[in-house]
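The sequence and structure come first.

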Amino acid sequence: MTTQTGRPQGDVAPMQTAPDPIDPNLTIGHVHLRTADIDRVLDFYVGVLGFNVIFEARDVPGWGTTGDILFVSAGGYHHHLGFNTWKSKDGPPQPDGVTGLHHVALRYSSRAHLADALRRLQRADWPVRAFIDHGTHEAIYLDDPDGNDLELYWDRPAGEWPRGEHGPFGGERDFDVEGLLAEPPV
């Protein structure tokens, strides 16, 4: 079976540079998610992961209705994550089999900070779905209170990335959870 580009399914294409490339210093500023319950995400993102509340309001007009809104941040940024209940209050998680956001990735500045995140999850008895060492980065996968997929990770320095035929993405390696937990506290 082949894809629409004519490559065999499962074949990895090498990186392609756009004819008119975007600003190479672009970063993703924030992600805004719908939630069923502001208090539930507040407890998780602030109480477990340790984000700071930048802004919180209840019964705010938006998108033709009223709802609650919460902005959280790490390090004083205006907000890394935004949440609202305008179209989702008390709603169910998005089911599998529909299009939409796959996951939100939160990049930690060091392996020690990722270890701190794992310790926080363990203290809260929060379930982790998977630990994956992608070679370029180590990642912890879990669901937030609304069933949104989260990836908590840290990037290895580029000089330590594995190299393969199609660049640094060469599969998965064993994740050393005990080694991560042996990182000194931050």
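## Largest pocket

The largest pocket holds about 950 Å³ of space. A pocket here is found on a 1 Å grid over the protein atoms alone: it is an open set of points where a 1.4 Å probe fits, with protein on both sides within 12 Å along at least five of seven lines. Its volume is the space filled by probe spheres set on the points, which are joined across faces, edges and corners. The model is predicted: local features need pLDDT of at least 70 and side-chain atom pairs pLDDT 80 or more, while totals for chains, interfaces and linings use all residues. Residues are numbered from 1 along each chain as its sequence is written, and side-chain values use heavy atoms, with hydrogens and water left out.

The lining of the largest pocket, counted as residues with an atom within 4 Å of a point, comprises 25 residues. Nearest the centre are His80, Ala105, Leu106, Arg107 and Tyr153. Three elements each supply at least two lining residues: strand S5 (104–108), helix H2 (111–123) and strand S8 (149–155). S5 gives the most, with five residues.

## Fold and burial

The protein chain has three helices and eight strands, taken as DSSP runs numbered from the N terminus (helices: H or I, at least four residues; strands: E, at least two). Along the sequence the pattern is β-α-β-β-β-β-α-β-β-β-α.

Of the 186 residues of the protein chain, 35% count as buried. Buried means under 20% relative accessible area, exposed over 50%, and partly exposed in between, with a 1.4 Å probe and protein chains only. Thr35, in the loop between S1 and H1, counts as buried because its relative accessibility is 0%. The C-alpha atoms of Thr35 and Gly82 are 9.7 Å apart in space, although the two are 47 residues apart in sequence.

## Aromatic pairs

Rings of Phe, Tyr and Trp (its six-membered ring) pair if their centres lie within 6.5 Å; planes under 30 degrees apart count as stacked, over 60 as edge-to-face and the rest as tilted. The count by this rule is six aromatic pairs. Phe44 and Tyr45 are edge-to-face because their ring planes stand at 85°, with the centres 4.9 Å apart. Both Phe44 and Tyr45 are buried.

Tyr45 also pairs with Phe83, in a tilted arrangement with 4.8 Å centre to centre and 40° between the planes. This pair links distant parts of the chain, since Tyr45 lies in helix H1 (residues 38–48) and Phe83 in strand S4 (residues 81–84), 38 residues apart. Phe83 is buried, as is Tyr45. Phe44, Tyr45, Phe51, Phe83 and Trp126 form one aromatic cluster.

## Salt bridges

The structure holds 12 salt bridges, each a side-chain nitrogen of Lys or Arg within 4 Å of a carboxyl oxygen of Asp or Glu. In one of them the side chains of Arg58 and Glu56 meet at 2.6 Å, N to O. Arg58 is partly exposed at 36% relative accessible area, and Glu56 is partly exposed at 35%. Another joins Arg120 to Asp116, with the closest N and O atoms 2.9 Å apart. Arg120 and Asp116 are four residues apart in helix H2, so about one helical turn separates them. Arg120 has a relative accessible area of 25% and is partly exposed.

Asp143 and Arg129 form a salt bridge at 2.5 Å, N to O. The pair links distant parts of the chain: Asp143 is in strand S7 (residues 137–143) and Arg129 is in the loop between H2 and strand S6 (130–133), 14 residues apart. Asp143 counts as partly exposed at 33% relative accessibility, and Arg129 does at 46%.

## Nonpolar surface patch

Ile22, Leu26 and Ile28 make a nonpolar surface patch of about 360 Å². Patches are made of residues with over 30% relative accessible area and no salt bridge; like charges are joined within 9 Å, and nonpolar side chains (Val, Leu, Ile, Met, Phe, Trp, Tyr) within 5 Å. Accessible areas come from the Shrake-Rupley method with a 1.4 Å probe, and for residues only the protein chains shown count as cover. Ile22 is found in the segment before strand S1 (31–34). With a relative accessible area of 61%, Ile22 is exposed.
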